[in-house]
Amino acid sequence: MARRIAAGAAYGGGSIGLLGAATVGLVLAEVQLAKRSVGNGGVGAPPRADGRYGASLADRSGGAEPLRFAVLGDSTAAGQGVRRVQQTPAALLASGLAAVAERPVDVRVVAQPGAQSDDLERQVSLVLSDETGPAPDVCVVMIGANDVTHRMPPTRSVRMLSAAVRRLRTAGAEVVVGTCPDLGTIEPVYQPLRWLARRVSRQLAAAQTIGVVEQGGRTVSLGDLLGPEFLANPRELFGPDNYHPSAEGYATAAMALLPTLCAALGLWPEEERPDVSRREGFLPVARAAAQAAAEGGTEVTGAMPTGPRGPWALLKRRRRRRIQEPNPSPIS
C-alpha cells in the first residue's frame, strides 16, 4: 500500500481508498466522539522557540558561523501542549545539535498548529525567503497527523511533502522528516477507529518515507516509538488535552530525531556502516519504509542506486541520547 501511495504521488495518481464502505458510518460516529473528548485541556498557542542556542559555544567554534536550523510542520513540530520554550522539539533539538557541533545554532520555527501537508509550500517559502538570509543548513519536518484526521488523500499528502523536501534539498539544506505518528495511541479513540487510525497512519508514514528518500532526505519513524510508550504511560507522555505530547513525550521524540539530525550534517560519531547486531542493513526502499513504520526511532536514508527491486535504502537504528533542557537566547 505504501508503494502504491508513493507511486500515485509521484505520477499524479488520485486518492487510494483505505476504508471499506461498510465501516464508514461507524468510523465517522467514533470520530465525532473522539473529537468531543480530545482537546479539552485548554492548551493555547505553543511557545515561540526561535532564537540562538548554545551561544556560550561561540568561543569553541573557532569563529565558525552558527548553524542554521529550521523546523516545519504541524502542532507537534511547533510544540503545542507545553508551556515552556525549553520543552519544545525545536529547542531540544537545537540544544543537542549545538552540544554535538560545539557551535551555536540559530533556530527558525515556521511550523503551524493545524497544518496539513499542503501548508508546507508556504512554510518552505518562508524558510527560503531572501529576508532570512542563506538557506538553513538543516531542516526538520514533522507532518501527517492532520492529513489523516482531515482525510486528505494520501497520494496528495505525500506529493506535497516530497515537493517541500525537493525545494529544501535544491536550496542546499539537509532534511530530516519525522513521519506521521501512530494515531491509534490517542486515549479517547476506541475500536475499531483505533485499529483503523493505526493502520492508516502507519501506511502514510511508510509512503512518506519512500517519497522523502527519493528526494534525498532522511526519515525517522515516530509512530511506533511514541505508540507503545504513549499507550503505556498516557498520563506522562500526553499533554493536558490528551492529544499532543507532554514535555516528556517531546523529549522522547527529540532523542529519536537528534542522531539522524547530526548524521545528516556529518557530526555523529557512529559508523555509517550497518550494524547487523542491531538489525540494520540495506533494503529496497519500500521494505525499509515498512519496517521503519513498524518500529519507531528507525532512520531510513537513500543509499544505493536503483536495482532490480527498485531503489535501495539504509535502515539504521541509532542509539538515542538524553538531551539536557536548553537555555535559549534571542537572536539579535
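1. **Basis.** The model is predicted, so local features need pLDDT of at least 70 and side-chain atom pairs count only at pLDDT 80 or more, while totals for chains, interfaces and linings use all residues. Residues are numbered from 1 along each chain as its sequence is written, and side-chain values use heavy atoms, with hydrogens and water left out.

2. **Overall.** The chain has 12 helices and 9 strands. Both are DSSP runs, numbered from the N terminus: helices are H or I with at least four residues, strands are E with at least two. Of the 332 residues in the chain, 54% are buried. Buried means under 20% relative accessible area, exposed means over 50%, and partly exposed lies in between (1.4 Å probe, protein chains only). Take the contacts between residues at least 6 apart in sequence: 80% of them join residues at least 24 apart. Contact here means heavy atoms within 4.5 Å.

3. **Strand β4.** How many of the residues of β4 are buried? The count is 5 of 5 for this strand (residues 138–142), so β4 is largely enclosed by the rest of the structure. In a regular strand the side chains alternate between the two faces of the sheet. Both faces of β4 are covered. Val138, Val140 and Met142 are buried on one side, Cys139 and Val141 on the other.

4. **Partners of β4.** Strands pair if DSSP finds at least two bridges between them. Strand β2 (residues 67–73) runs parallel to β4, joined by 5 bridges. Strand β5 (residues 174–178) also pairs with β4 in the parallel sense, over 5 bridges.

5. **Strand β3.** This strand is mostly covered, with 4 of its 5 residues buried. β3 pairs with β2 in the parallel sense over 5 bridges. Ala70 has Arg108 as its bridge partner in β3. Strand β1 (residues 51–53) pairs with β3 in the antiparallel sense, over 3 bridges. There, Gly51 stands opposite Val107.

6. **Helices α5 and α7.** Two packed helices are described by the angle between their axes and the distance between the axes. The axes of α5 (residues 120–128) and α7 (residues 154–170) come within 9 Å and cross at roughly 10 degrees. Axes are lines fitted to C-alpha atoms, for helices over the stretch in contact, and angles run from 0 to 180 degrees between N-to-C directions. The two helices are therefore roughly parallel. Angles under 35 degrees count as roughly parallel, over 145 as roughly antiparallel, 65 to 115 as roughly perpendicular and the rest as oblique. α5 contributes Leu120, Glu121, Val124, Ser125, Val127 and Leu128 to the contact, and α7 contributes Met160, Leu161, Ala164, Arg167 and Leu168. These residues divide into 8 nonpolar, 1 polar and 2 charged. Ala, Val, Leu, Ile, Met, Phe, Trp, Tyr, Cys and Pro count as nonpolar, Asp, Glu, Lys and Arg as charged, and the others, Gly among them, as polar.

7. **Gln123.** This residue is found in helix α5. Is Gln123 buried or exposed? It counts as buried, at 0% relative accessibility. Its side chain makes a polar contact with the side chain of Asp119, at 2.7 Å. A polar contact is a pair of N or O atoms within 3.5 Å; within protein, one must be able to donate a hydrogen and the other to accept it, and residues adjacent in sequence count only if both atoms are side-chain atoms. Leaving aside neighbours within four places in sequence, Gln123 is in contact with Leu72, Gly73, Val110, Ala111, Gln112 and Ala115.

8. **Gln116.** The loop between β3 (105–109) and α5 holds Gln116. At 18% relative accessibility, Gln116 counts as buried. Not counting residues up to four places away in sequence, Gln116 touches Ile143, Asn146, Asp147, His150 and Met152.

9. **Positive phi.** Most residues other than glycine have a negative phi. Glu102 has phi near 55 degrees, a positive value in a residue other than glycine. Glu102 lies in the loop between α4 (89–101) and β3 and is partly exposed, at 38%. Phi of Arg151 is near 55 degrees, again positive. Arg151 sits in the loop between α6 (145–149) and α7 and counts as exposed, at 64% relative accessibility.
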